[in-house]
Amino acid sequence: MKKISLLLLVVLLGMLLLSSCGGQQDSIYFLNFKPESAAIYDEIARAYKNETGVSLRVVTAASGTYEQTLKSEIGKTDAPVIFQINGPVGYTAWKDYCLNLKDTAIYRHLSDKSMAITDGDGVYGIPYVVEGYGIIYNKKIMNAYFALQNRGTSFQSVEEVNSFVELKALVEDMTAHKSELGIDGVFAATSLKSGEDWRWQTHLANVPMYYEFLDENVDLTKPETYKNVLFSYADRYKAIFDLYLNNSTTDPKLLGTKQVADSMAEFALGKCAMVQNGNWAYAQIADVSGNTVKEEDVGFMPIYIGVSEEESQGLCIGTENYFAINKNADPKKQEEALAFLEWLFTSETGKQYVSKKLDFIAPFDTFTDSEKPSDPLGREVNEWLNREETYSIPWVFTVFPSQNFKSDFGAALLQYAQGNKSWEEVKSLFVNRWAQEYASLQN
Amino acid sequence: MQKTLKRYFPIFVAPTLLAFLIAFAIPFIMGIYLSFTKFTTVTNAQFVGLYNYKQIFTAGDHFLHALWFTVKFTVVSTITVNVIAFCLALLLTKGLRGTHFFRTVFFMPNLIGGIVLGYIWQLIINGFLSGLGVDITYSANYGFWGLVLLTNWQLVGYMMIIYIAGLQNISKEMYEAASIDGARPMQVLRHITLPLVMPSITICFFLTLTNSFKMFDQNYALTAGAPGRETSMLALDIFQTFYGSVGSEGIGQAKAVIFFILVALLAGIQLYFTRKREVDV
């Protein structure tokens with residue numbers, strides 16, 4: 001009897017032990033941020049294993065849950081070796097875990113060193129993809145408008161529109177002729193459902209904040225220079241936001257349940273002529289069934305908000321994707337991880353995956369012009385980036401203090417759209433919440 | 001016999017005890033400790049004393065608003081759920097045609113998960129509100145009543161089953177005696193049915209109370225706090241604090257500890273009343 005009970009105990013303990021070490025300890029653990037690239041990373045992992053024999057384990061966090069996943073994963077014994085941070089604010093949260101990457105090959109190959117996340121002398125985050133956003137338009141509908149006899153403007157092409165005043169004139173006249181153009185509205189729905197409002201509370205807000213930071217001589221590497229903001233271009237934000245709302249496919253009171261996918265579908269089905277989004281959204285346009293927008297009909301124009309000398313403004317181009325290496329991981333693993341990143345961005349095979357499959361505009365000097373992305377929006381971003389006569393707006397929203405700040409601002413925008421909040425209230429909420437969140441960030 | 005029991009005691013208790021320690025006791029103690037720290041992950045915590053607790057009660061934090069909203073919601077939904085469930089139970093014990101069919105129908109919504117239910121009701125409510133040219137995010141009142149409606153939909157069936165069981169336990173002789181004495185239906189309900197289903201009422205009352213108080217998924221799926229954070233209940237507010245701002249994980253944790261105390265208080269009161277009833281009946 002005693003023997004049986006002992007045996008039982010041993011079996012039980014054995015099961016416990018087994019279940020606790022189920023992970024593959026010998027592989028490099030990469031916690032991926034981009035769900036849309038998950039399948040391609042698996043392919044890359046197989047290719048890397050074939051070439052080098054080192055196995056890479058890619059785990060992808062579900063959309064919008066990266067911080068949560070990282071929080072629980074990085075506390076484990078088998079923690080991610082490669083993870084990503086979303087900018088200076090992300091670095092503040094994860095600085096105890098970021099390895100100094102100053103002497104790595106991947107940093108040496110970074111074309112613009114100022115893009116990296118630095119702290120004092122150290123380099124802690126390396127951007128791996130450059131993305132751009134602006135107003136995506138449908139050339140077919142635009143040409144249909146330019147061919148109208150009774151139109152109220154004299155523009156011959158979208159290229160002639162390079163200020164807010166001109167954009168407003170164009171859009172409002174297009175709205176007046178929307179039945180002739182066969183569209184429901186010029187702009188796709190201003191998706192303001194909570195969690196789906198990042199195009200406004202983050203991306204659009206980037207433009208006025210960029211100009212404010214210029215005026216105030218803000219140094220993005222020094223949080224004390226922007227822990228309080230004025231939102232001095234709030235009226236310009238309001239102007240472009242009103243333009244979106246008033247010339248939209250959707251009544252402003254019904255925006256609280258609209259998602260980004262709804263807006264992209266409207267654009268893909270030709271129900272609207274313009275939508276504000278970035279090059280990553282091309283897949284969302286191309287994959288909509290019944291899509292009427294051809295690849296060559298998709299174009300990009302900058303978001304003009306009506307500041308002086310904005311004629312030479314370009315797209316908003318930057319990144320919020322930075323690779324970081326886990327400081328607490330085994331040094332051998334760290335080396336392997338860096339070797340993998342170097343392989344991905346410098347070897348022929350790796351570069352093929354990056355430019356052809358992942359469709360990344362990679363900011364490394366190892367990429368030649370022929371190795372640029374193949375989708376039309378990615379090409380446009382690249383083209384705008386290289387235009388001599390225009391300047392790009394960097395992504396300053398990476399210093400927006402927190403997700404809660406963005407969510408609250410987004411919620412206030414919705415209430416403004418519904419007529420339940422005045423613009424003054426929205427503006428003061430922006431300023432106050434910014435200050436509060438920075439105060440709690442620094443404590 | 002005693003000896004054998006003693007000998008096997010560790011084998012029978014050890015697995016459960018181990019599970020209890022790993023899944024409950026250790027996280028719980030860690031959780032309380034973390035509420036006094038600033039942390040990003042559970043392994044890099046720094047002690048900050050009562051800072052997190054002070055932060056909860058400073059102006060600008062949504063905790064008190066969420067608490068008030070939760071209390072309002074709990075009161076309204078506890079009353080409506082129990083009244084409706086009791087009325088349905090009365091109806092469905094009258095021996096009407098299709099009784100069994102309807103019992104199943106009313107019980108069904110309880111089998112659907114909260115997130116799914118939340119999204120389904122969001123569609124339905126928005127469908128109706130689009131007649132007014134708005135949606136559920138337009139006003140906190142829409143969100144509030146939407147939540148009440150959803151909770152009723154989900155809980156009424158379950159509570160109804162408990163009430164039916166209680167009603168069926170009342171012996172027929174009581175009713176016979178009452179009707180011979182000439183009691184009117186309202187008098188029967190007031191003086192016979194209600195006192196005799198009191199145990200069921202207590203159970204249902206506290207089940208709905210704690211369910212509504214701790215609600216998360218339905219709240220998350222139906223309104224996610226919109227407009228603004230006006231319809232965030234306690235659990236959702238804790239979630240938003242914990243994951244929404246860099247550096248406020250500790251504050252979220254402190255809120256969770258307060259939340260635990262409130263729920264434990266509710267459960268304690270419930271236990272007290274249920275025990276008292278057990279003696280009575």
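Trainee: How many helices and strands does chain B have?
Mentor: This is a predicted model, and the elements can be read off along the sequence. Chain B follows the pattern α-β-β-α-α-α-α-α-α-α-α-α-α-α. Counted by type, chain B has 12 helices and two strands.

Trainee: What share of the contacts in chain B with a separation of 6 or more is between residues 24 or more positions apart?
Mentor: Burial is a separate figure: buried residues make up 42% of the 281 residues in chain B. For the contacts with a separation of 6 or more, residues 24 or more positions apart account for 69%.

Trainee: Is B:Ala85 buried or exposed?
Mentor: B:Ala85 lies in helix α3 of chain B, residues 63-91. Leaving out residues up to four places away in sequence, B:Ala85 touches B:Val156, B:Met159, B:Met160 and B:Tyr163. The cut-off for burial is under 20% relative accessible area. B:Ala85 has 0% relative accessibility and therefore counts as buried.

Trainee: How much area do chain B and chain A bury between them?
Mentor: The size of an interface is often given as the accessible area lost when the parts come together. Here 33 residues of chain B are in contact with 38 residues of chain A. Of the area buried between the two chains, 54% is on carbon and sulfur atoms, and the total is about 3000 Å².

Trainee: Which residue of chain B forms a salt bridge with A:Lys71?
Mentor: The rule finds two salt bridges across the interface of chain B and chain A. In the one with A:Lys71, the closest N and O atoms are 2.8 Å apart. That is within the 4 Å cut-off, and the partner is B:Glu249.

Trainee: Which element gives the largest share of the side of chain B that touches chain A?
Mentor: There are 13 residue pairs in polar contact between chain B and chain A. On the chain B side, α1 (2-34), α5 (114-129) and α11 (234-244) each supply at least two residues. The largest share, six residues, comes from α11(B).

Trainee: How many charged residues does that side of chain B have?
Mentor: By class, the side of chain B that touches chain A has 14 nonpolar and 13 polar residues. The charged residues number six.

Notes
Residues numbered from 1 in each chain as written. Chains lettered and ligands numbered in written order. Predicted model: local features only at pLDDT ≥ 70, side-chain atom pairs only at ≥ 80, totals over all residues. Heavy atoms only, no water. Contact = heavy atoms within 4.5 Å. Buried area = accessible area lost by both parts, 1.4 Å probe. Salt bridge = Lys/Arg side-chain N within 4 Å of Asp/Glu carboxyl O. Polar contact = N/O pair within 3.5 Å; in protein donor to acceptor, adjacent residues only side chain to side chain. Helix = DSSP H or I, 4+ residues; strand = E, 2+ residues; numbered from the N terminus. Nonpolar A, V, L, I, M, F, W, Y, C, P; charged D, E, K, R; others polar. Buried < 20%, exposed > 50% of the residue type's maximum accessible area, 1.4 Å probe, protein only.
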